[in-house]
Amino acid sequence: MTDLTAMTPARRSIVGRLVAKDLYLYRWLITGALVGGVLSLVLSHFSEGDNVSTGPNVGILLFMTTIIAFGIFVAMFGILKERQDKSQLFVLSLPVSPAHYFAAKTWAALLAFLVPWVVLTVGVVALTALSGQPQGPIPFFVVMMTFFLGNFCLLLALVVNTKSELAAIAGVLITNVSVTLFLVQVGRLPGVAEHRLGAAAVWSPAILTVLGVELALILLSLGLAFYLPSRKKDLV
């Protein structure tokens, strides 16, 4: 993994500006994800069907679609398309290595995704806990959001290490198909299903195990996203 602390202050400043540049370019995507997520949650309270724990009504479907689509746009257009267009070659005029460039791209994409992800996750959990509503859905919601983060990190690791559009599309399809399969299977697990409509949030061993696996996937994906590009000697 690229060690930013080992760089000179000048190089750290340039890498920081590269990250800031990408975050600026992501600003409308971030805003759109936040607005879309909030509106979807509001809609979920007026849609027919149950809440997030029992299977998604129109609002929850839109919420899930917003998060997933946002991650795809960040990865595909923020990283892959730039490599395909070779618009990143301007970095050759800067006193930074290809490894530092890829680290900046990865950090920017990760931070861009985390902004709406953290706001929406913490917001839903806090509002549910403070509103007096049943809190049984909270663990399942956290598992769902963590899975979305893991999916994004896996896609990020893929696009930062390849410029193949076919491979990226395959990654998008696989991660998207896995969402429904994952949520259905986890929702049926003993220790999960019986507590999803409960009054209290129950962090059962099954829920904690799933979260542990998800966190391992996130760490592995980020490790690949940072480490493999750090060995590159060029930008292509």
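**View 1. The largest nonpolar core of the predicted model****.** This core holds 60 residues, of which Tyr26, Phe63, Met144, Phe148 and Val159 touch the most other members. Two or more residues are contributed by each of the helices α1 (9–25), α2 (27–44), α3 (58–85), α4 (98–131), α5 (137–161), α6 (165–187) and α7 (205–230). Helix α5 supplies the largest share of the core, with 17 residues.

**View 2. Helix α5 along its length****.** The helix comprises 25 residues, and the distance from its first C-alpha to its last is 37 Å. This span is close to the 36 Å expected at 1.5 Å a residue. Helix α5 is mostly covered, 22 of its 25 residues being buried.

**View 3. The surroundings of Phe148****.** When residues up to four places away in sequence are not counted, Phe148 touches Met64, Ile67, Ile68, Phe113 and Val179. Phe148 is also among the residues that touch the most other members of the largest nonpolar core.

**View 4. Thr128 in helix α4****.** Thr128 has a relative accessible area of 15% and therefore counts as buried, the cut-off being under 20%. Its side chain reaches the backbone oxygen of Val124 at a distance of 2.7 Å. With neighbours within four places in sequence left aside, Thr128 is in contact with Gln133, Pro134, Gln135 and Ile138.

Conventions. Residues are numbered from 1 along each chain as its sequence is written. This is a predicted model: local features need pLDDT of at least 70, side-chain atom pairs count only at pLDDT 80 or more; totals for chains, interfaces and linings use all residues. Side-chain values use heavy atoms; hydrogens and water are left out. A nonpolar core is a set of buried Ala, Val, Leu, Ile, Met, Phe, Trp, Tyr and Cys residues joined through side-chain atoms within 4.5 Å. Buried means under 20% relative accessible area, exposed over 50%, partly exposed in between (1.4 Å probe, protein chains only). Helices (H or I, at least four residues) and strands (E, at least two) are DSSP runs, numbered from the N terminus. Contact means heavy atoms within 4.5 Å. A polar contact is a pair of N or O atoms within 3.5 Å; within protein, one must be able to donate a hydrogen and the other to accept it, and residues adjacent in sequence count only if both atoms are side-chain atoms. The expected span of a helix is 1.5 Å times one less than its number of residues.
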